[in-house]
2 protein chains.
Amino acid sequence: MITLRRLFHKLVRLEEVESVISKYLSLKPLGTEVVPITESLGRVLAEDVYSPIDYPPFDRSVVDGFAVRAEDTYGADEESPIKLRIKGSVGVGEAPKIEVGPGEAVEVATGSPIPKGANAVVMIEYTSQLGNELLVYKAVAPGDGVATAASDISAGDLVLRKGIKLGPPEIALLAGLGVSKVKVFRRVRVGIFSTGNEVIRPGEVLSLGKVYDSNTYFLLASLKELGAEPKYVGHLPDDESVVANALRRALNEYDVILTTGGTSAGLGDVMYRVLDSLGKPGVVIHGLRVKPGKPTVFAVVNGRLVVGLPGFPLSCAMVFMKVVRPLIAKLVGTELPSEEVIKARVPYRIKLGGGKAWLVPVSLIKVGNDFVAYPVKLSSGSISALVMAEGYLYVSEGTELIDEGEFVNVNLFSKYLTIPNLVFIGSHDLALWKLLTVSGLIKESKVILVGSLRGWYAVARGEADIAPTHLLDEVSREYNVPYLSKLGLKGKAVIIRGYARRVGLVVAKGNPKGIKGIQDLLRDDVVMVNRVKGSGIRVLTDILLKELANRLGRDFNELIKGINGYTYEVRTHTAVASAIAQGRADVGIAAEVAARMYGLEFIPITEEIIDFLVLKERLSKESVREFINLLKSDLCNEVLSKLPGYRRLGDTGSIIT
Amino acid sequence: MITLRRLFHKLVRLEEVESVISKYLSLKPLGTEVVPITESLGRVLAEDVYSPIDYPPFDRSVVDGFAVRAEDTYGADEESPIKLRIKGSVGVGEAPKIEVGPGEAVEVATGSPIPKGANAVVMIEYTSQLGNELLVYKAVAPGDGVATAASDISAGDLVLRKGIKLGPPEIALLAGLGVSKVKVFRRVRVGIFSTGNEVIRPGEVLSLGKVYDSNTYFLLASLKELGAEPKYVGHLPDDESVVANALRRALNEYDVILTTGGTSAGLGDVMYRVLDSLGKPGVVIHGLRVKPGKPTVFAVVNGRLVVGLPGFPLSCAMVFMKVVRPLIAKLVGTELPSEEVIKARVPYRIKLGGGKAWLVPVSLIKVGNDFVAYPVKLSSGSISALVMAEGYLYVSEGTELIDEGEFVNVNLFSKYLTIPNLVFIGSHDLALWKLLTVSGLIKESKVILVGSLRGWYAVARGEADIAPTHLLDEVSREYNVPYLSKLGLKGKAVIIRGYARRVGLVVAKGNPKGIKGIQDLLRDDVVMVNRVKGSGIRVLTDILLKELANRLGRDFNELIKGINGYTYEVRTHTAVASAIAQGRADVGIAAEVAARMYGLEFIPITEEIIDFLVLKERLSKESVREFINLLKSDLCNEVLSKLPGYRRLGDTGSIIT
């Protein structure tokens with residue numbers, strides 16, 4: 001039996017981290033090195049660069065033509081050309097050996113040095129030649145066609161400042177000034193360890209209880225982007241002396257050490273004790289007042305920074321981006337570009353609180369001039385959140401909730417915010433994904449999964465172009481259409497007929513419990529897996545159970561109390577199938593396609609209709625029309641006929657009300 | 001004698017390039033390869049990725065505590081805890097071997113699999129233990145503390161789409177799903193050649209007529225950024241058979257070949273003939289209707305793209321960014337993020353025209369809510385323009401000029417636009433640079449050099465916080481102050497006293513022409529170098545020459561006609577010194593510091609006063625106050641005393657009017 005560990009010490013606010021660390025460690029670049037300019041892309045300049053030469057280094061011609069004394073051409077025009085004597089030529093790259101006297105001209109090309117005596121170049125287009133005789137058809141002013149020495153840069157000019165990141169223009173500038181090597185800040189070496197008994201490497205075989213390491217790969221890529229030199233050092237077991245030895249070695253090789261996992265106050269973590277034992281001052285921050293990210297540990301050991309990041313992927317990534325990356329950026333010597341912040345409103349009430357700050361990844365859509373920020377998965381274990389989000393809310397301590405329609409600040413991950421042409425918000429359906437992918441429409445689309453009902457609200461508010469919906473009306477047993485009146489959208493929105501998908505009971509291969517119908521859910525030896533409230537399947541499940549209660553003359557609420565697993569709720573069809581495949585449940589209701597995907601057995605109950613809700617005014621939108629045409633197309637027929645349990649309807653793609 | 005070559009064929013508009021090239025070449029990715037995810041940062045995904053597993057792969061605890069049946073905890077609170085029996089524990093990474101029955105609890109940590117039978121986790125904070133007895137002080141609902149399998153991602157979900165660029169979140173997602181290798185588009189191999197007799201390598205010794213290659217380095221860095229695999233192949237001489245052989249070899253090794261220089265219709269270019277001789281169809285675009293960038297050649301040779309870019313650096317860079325990079329991006333398989341475009345007004349009239357489109361790099365400042373776009377050096381030979389600019393105007397054909405105050409579209413180079421705190425617009429002065437650099441104020445400053453007079457206008461319009469100025473009034477012989485009334489800024493702006501700098505005649509070492517004073521400019525054997533109109537030194541020069549004309553009883557305009565080099569105008573003090581050092585002129589007027597920098601001799605004439613013009617309302621601006629304090633500081637004294645010819649004044653830093 002393992003004893004549960006102490007709770008966290010006093011937690012530190014995000015804003016305080018830098019000042020706490022600075023007490024023990026100077027957050028400055030770690031030294032400099034000289035690199036060839038060809039290897040300097042993205043490096044940070046460690047010194048001011050003054051130009052060693054003038055640029056251009058000499059007066060040069062910027063056109064092809066003849067170097068002349070401008071005064072000699074005054075009065076020249078098409079009718080009365082002026083005659084000059086061609087004295088010779090100065091090629092590009094040649095030092096001029098001749099001078100231009102009165103009445104003389106010297107042939108030059110773009111880039112040729114201007115010979116002494118000349119102060120302008122007549123473009124070749126305005127001349128003609130006859131042996132050594134040049135006719136000039138247009139007068140030039142002094143300076144025409146000439147770039148004088150130092151007109152771009154003077155010797156001694158400060159051209160690049162310490163601390164800038166070298167990009168193509170800066171590198172080209174250095175090259176043009178003859179600088180072939182440049183002093184940059186030394187790379188920051190970051191050693192990364194994974195920890196935790198559950199963690200295995202991508203590519204290995206997954207067994208129950210294990211998860212693939214994703215944190216290491218997030219950190220490796222992010223640190224590379226930042227211009228640091230990250231390396232995965234290895235996996236640390238739950239053994240204090242092994243961990244201590246590994247970290248001691250790493251402290252000699254790396255400037256910063258990051259570990260992931262093993263810092264929660266849970267079973268078997270040893271990180272605290274080790275970090276306190278390796279050197280002074282040891283652990284200086286024992287946790288952060290933020291969700292996700294609380295179990296983050298900062299230690300300073302003999303002048304090196306060690307950060308124990310949380311093991312859950314979203315926690316790890318958010319804390320790294322918001323807190324750790326800025327610290328490492330200071331060691332790299334670069335200033336992180338300040339995050340772009342935009343105002344956006346939230347589509348529904350978001351509960352926060354708990355006496356801490358929150359980092360909430362959000363997916364953005366644009367409605368008119370306003371942005372709307374849909375919170376992406378709030379689970380700290382998510383690995384998809386950052387791919388789906390364009391930014392995050394940083395909600396400081398003390399905010400208990402954000403109300404529907406309230407405006408908040410969103411920090412963007414990138415300033416390249418692409419606004420999708422077509423926004424789906426609503427129910428999750430596999431055929432829709434397939435259709436969008438196969439047709440290529442997915443490239444301009446964004447799909448936000450919130451369940452059918454929230455999809456209706458999103459359409460009503462104009463946030464979604466289209467809501468995929470399969471809401472069953474209890475009374476009429478009709479899908480979707482009755483909700484137009486129920487939800488007050490009659491006359492404002494229309495329903496585009498979609499397609500049918502077969503749903504039913506999903507059971508293990510061979511149906512070991514001999515399940516035949518919905519009444520088997522009442523058996524003591526049967527455990528079900530249910531769907532979350534608000535999903536179409538949950539509505540269907542409850543209607544079926546109410547009918548069963550009626551038939552049996554029992555109370556619905558009393559009936560469901562007797563169903564094992566009625567409260568075991570999952571979010572998707574495939575999650576139902578997965579629960580059965582892994583033996584966590586014996587039966588669940590889901591689409592046939594999910595059952596087939598997991599090689600399970602399927603007992604049909606009914607066919608659901610999946611329709612698409614659209615505001616009338618959006619019907620004229622190009623991308624919406626494209627989607628409706630897709631529904632009517634042969635491609636749609638083809639996609640549906642390949643998916644088990646799906647079926648096209650006679651009026652697929654039509655406006656049915 | 002070399003004969004001048006044919007003029008350009010029909011020029012192609014920028015918008016037409018892609019469609020012309022597409023006729024001969026498929027602008028699609030060139031193939032795929034499989035790479036480990038650790039080497040996939042920035043690569044472009046070549047296939048849709050569907051999730052091979054559910055994520056999380058099992059129901060897991062998201063807190064430290066006890067897995068329970070939620071129903072067992074109903075009614076629990078601080079006063080009346082509910083008693084459960086601890087049956088055992090499930091560690092992180094362990095497959096559960098026990099089940100949770102009624103009245104039972106199993107210890108779990110964050111990340112532990114939930115044992116069968118449990119549907120919630122009570123956080124440890126709400127429990128206490130006594131041997132095997134657990135007291136629960138808070139009721140939980142089903143699902144509390146649990147992340148169900150597939151709640152983040154379901155097996156079979158399309159998680160990443162073909163064509164996206166892999167960043168840290170995408171790589172972490174792949175890792176978390178167990179994917180260790182990924183199919184990406186093959187890198188595009190780009191071979192780069194330099195051409196031109198004038199071009200030498202950075203690090204080599206510069207002789208007259210030569211310039212350092214900067215284009216190659218710009219292209220190498222830009223192509224790396226784009227995700228291509230560029231390599232500098234070598235320098236091509238002006239020898240047709242050598243060029244043909246080198247290109248023939250390169251066409252076997254590279255997917256795209258870029259050359260720079262040698263494509264203007266000038267002396268000695270051989271590129272056209274070679275490109276037409278190597279394979280079909282040969283040259284397909286003979287030049288672009290754009291400035292800079294006209295002499296750009298596109299060829300397709302046996303299915304490979306060859307682009308001859310202009311040799312002048314700004315032309316080369318602008319054409320690459322606007323036209324060539326998008327073509328290569330298509331081969332790389334990535335879509336370039338669309339350029340951010342903002343509206344900005346121009347501070348003064350910009351002349352364009354000439355029946356072509358223009359690409360004009362601009363430096364941006366912000367005035368209230370408006371952006372103002374200052375054109376950066378218009379010379380196509382510039383290497384500093386791109387470092388100084390934040391974006392460029394793309395002015396399409398047919399626009400002859402943009403008037404002062406007119407709004408234009410500016411394409412930004414980067415979406416990370418930093419707005420400086422302190423904007424200087426006006427005259428170029430070395431001491432100002434030194435002061436800003438040494439004090440560190442340069443980090444928040446932007447300095448735009450347009451000459452004293454335009455600096456006054458920029459202050460009047462509110463674009464500049466401060467204009468460095470040294471305008472001499474002809475009548476009063478006083479610097480700057482009289483212009484407050486002359487330019488209508490009395491009462492609106494003030495002058496902050498700056499410092500004095502000595503100016504005089506600059507001559508070669510040993511003063512070989514025996515120059516003693518301004519009257520020597522009239523000598524037949526003396527060539528002068530003059531400054532451009534609008535500069536403070538030019539105003540001084542003309543005043544001195546008018547006085548000389550008066551003394552000699554001659555007409556000023558007639559007098560200057562007799563001065564050799566009066567029309568030879570350069571833009572900076574150091575350019576004057578450089579012209580004398582290189583023997584292009586015998587004498588010029590410049591600041592002492594420039595003469596010393598080039599080891600030249602200096603004959604003092606007078607002391608100029610450099611002041612700083614500021615709008616009254618800007619005096620309260622933090623950064624302006626900081627600059628004024630800098631002028632008054634000991635640091636300023638120190639900087640000035642080290643610069644030859646500079647001197648602090650008694651009232652430096654005071655408002656003198």
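In strand 7 of chain B, B:Val121 lies opposite B:Ala67. The model is predicted, local features requiring pLDDT of at least 70 and side-chain atom pairs counting only at pLDDT 80 or more, whereas totals for chains, interfaces and linings use all residues. Residues are numbered from 1 along each chain as its sequence is written, chains are lettered from A in the order in which they are written, and side-chain values use heavy atoms, without hydrogens and water.

Strand 4 (residues 65–68) of chain B runs antiparallel to strand 7 of chain B, and four bridges join them; strands are DSSP runs (E, at least two residues) numbered from the N terminus, and two of them pair if DSSP finds at least two bridges between them. Both belong to an open sheet of six strands in chain B, with the order 7-4-6-5-9-8 and mixed pairing. Because strand 7 (120–123) and strand 8 (127–130) of chain B stand at the edges with a single partner strand each, one side of each has no neighbour in the sheet.

Between the chains, 130 residues of chain B are in contact (heavy atoms within 4.5 Å) with 131 residues of chain A. About 10400 Å² is buried between chain B and chain A, 63% of it on carbon and sulfur atoms; buried area is the accessible area (1.4 Å probe) lost on putting two parts together, summed over both. Two salt bridges (a side-chain nitrogen of Lys or Arg within 4 Å of a carboxyl oxygen of Asp or Glu) are found across this interface. B:Arg584 forms a salt bridge with A:Asp59, with the closest N and O atoms 3.2 Å apart.
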